[in-house]
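Subject: Structure handover

Hello,

Here is the structure you will be working with. Please open it before you read on.

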Amino acid sequence: MSLTRRTLLTAGSVGLVIAQARAATVPAQQTENAPQPAATNDKLRIAMPAFASDPFFPADGAGDKGIDMELARGIAAELGVEPVFDRSAVTFDGMVKQLMSGQADMAIGKLSRTLRRGRSILYSRPYAMLHQGLLANRLNLARIAQGKPPEQIIRDFSGDLGVIEGSSFATYAATTFPHAQLHRFAGWDMVVDAIRNGTIDMAYRDDFEIKKLMVDDPSMTVVARSITLTDKVDTIAIGVRPDNPHLAAFVDLYLDLARGQQVLNTDEIIARYRLGSKA
């Protein structure tokens with residue numbers, strides 16, 4: 001029995017309707033079943049240190065202002081989830097351990113990128129780029145230099161060098177100053193005190209923190225001087241748990257689109273710090 005033209009048109013119309021109905025439902029199903037960057041009960045668990053590092057983040061319980069606080073809340077808002085801050089880390093490495101154990105989805109807290117940490121966690125692209133720096137006790141430096149420009153003795157420095165335990169600079173020191181006698185301190189205040197009293201010759205940290213110290217306490221210029229290592233950078237980024245590349249990619253996308261690929265430098269951060277200290 002041959003098909004009439006009307007039969008063919010009717011069959012074609014029915015097939016088109018079915019195809020359109022399927023096309024309308026498939027995207028909805030795909031959207032519903034698509035993996036989400038953050039899926040921990042609609043919360044984004046964010047590791048941040050307990051201490052303060054203005055203007056990046058305040059101390060635990062001291063408010064929610066700062067560069068890192070703004071980034072964390074902005075990312076959570078774009079994901080449509082609630083940011084939940086874990087402020088239990090007492091060192092920068094402590095945040096990394098929280099990512100490795102799955103206790104946190106993201107770590108944001110002036111976290112430096114290092115190759116050692118990169119073996120265990122994922123990193124976003126940098127949102128701040130600082131230089132590495134030294135804070136030197138003036139009398140000790142003069143004794144070591146013996147009339148030579150300080151820049152000549154820095155690379156082969158074999159004196160007493162202070163770093164913060166659990167910081168990126170505790171890692172950097174082994175390769176940047178392999179001959180130095182390394183002294184590890186629990187916090188930056190303790191490192192600065194050791195510079196003041198001459199217990200150590202130099203302290204190793206990023207140039208922003210050293211310049212910020214001079215802003216807070218101009219009297220430091222009497223006992224210490226700052227040295228910027230212009231060929232050594234300290235890149236600050238967001239850490240992501242190693243089993244969530246989707247979240248890491250989303251954070252990069254956020255930095256590109258919402259932040260306009262902005263990478264803050266020391267001068268910009270110091271300007272923000274000065275502004276905040278006057279408020």
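Below are the notes on what was found in it.

**Ground rules**

This is a predicted model, where local features need pLDDT of at least 70, side-chain atom pairs count only at pLDDT 80 or more, and totals for chains, interfaces and linings use all residues. Residues are numbered from 1 along each chain as its sequence is written, and side-chain values use heavy atoms, with hydrogens and water left out.

**Overview**

The chain has 12 helices and nine strands. These are DSSP runs, numbered from the N terminus: helices are H or I with at least four residues, strands are E with at least two. The chain holds 279 residues, and 45% of them are buried. Buried means under 20% relative accessible area, exposed means over 50%, and partly exposed is in between (1.4 Å probe, protein chains only). A contact means heavy atoms within 4.5 Å. Take the contacts with a separation of 6 or more: 72% of them join residues 24 or more positions apart.

**Nonpolar cores**

A nonpolar core is a set of buried Ala, Val, Leu, Ile, Met, Phe, Trp, Tyr and Cys residues joined through side-chain atoms within 4.5 Å. The largest one has 30 residues. Leu 44, Ile 75, Met 106, Ile 108, Tyr 127, Val 251 and Ile 269 have the most contacts inside it. Elements that give two or more residues to this core include β1 (43–49), α2 (67–79), β3 and α12 (266–278). The largest share, seven residues, comes from α2. A second, separate core has 19 residues, including Leu 134 and Phe 177.

Look at Ile 108 next. Leaving out residues up to four places away in sequence, Ile 108 touches Ile 46, Ala 47, Met 48, Asp 68, Leu 71, Ala 72, Met 95, Tyr 127 and Ile 238.

Asp 68 sits in helix α2. Is Asp 68 buried or exposed? Asp 68 is buried, because its relative accessible area is 0%. Its contacts, not counting residues up to four places away in sequence, are Met 48, Phe 56, Phe 57, Ile 108, Gly 109, Lys 110 and Tyr 127. Asp 68 and Ala 107 are 39 residues apart along the chain, and their C-alpha atoms are separated by 9.9 Å.

Asp 252 is in helix α11. Its relative accessibility is 17%, so Asp 252 counts as buried. With residues up to four places away in sequence not counted, Asp 252 touches Ser 124 and Arg 125.

**A strand pair**

Strand β6 covers residues 160–164, and four of its five residues are buried. β6 pairs with strand β7 (residues 181–185) in the parallel sense, over five bridges. Two strands pair if DSSP finds at least two bridges between them. Leu 161 stands opposite Leu 182 in β7.

**Backbone points to check**

The peptide bond from Asp 54 to Pro 55 is cis, with omega near 5°. Pro 55 lies in the loop between β1 and α2.

Lys 110 is not a glycine, yet it has a positive phi of about 50°. Lys 110 is in strand β3. Lys 110 counts as buried because its relative accessibility is 4%.

Gln 261 also has a positive phi, near 60°. Gln 261 is in the loop between α11 and α12. At 55% relative accessibility, Gln 261 counts as exposed.

**Cavity and pocket**

On a 1 Å grid over the protein atoms alone, a cavity is a set of points where a 1.4 Å probe fits but cannot get out; a pocket is an open set with protein on both sides within 12 Å along at least five of seven lines; lining residues have an atom within 4 Å of a point. Grid points are joined across faces, edges and corners, and a volume is the space filled by probe spheres set on the points.

How many cavities of 30 Å³ or more are there? The count is one. About 80 Å³ of space lies in the largest cavity. Among its lining residues are Phe 92, Lys 110, Arg 205 and Asp 234.

The largest pocket has a volume of about 410 Å³. Its lining has 21 residues, and Ala 52, Gly 187, Trp 188, Asp 189 and Arg 205 lie nearest its centre. α8 gives the most to this lining, with five residues.

Best wishes
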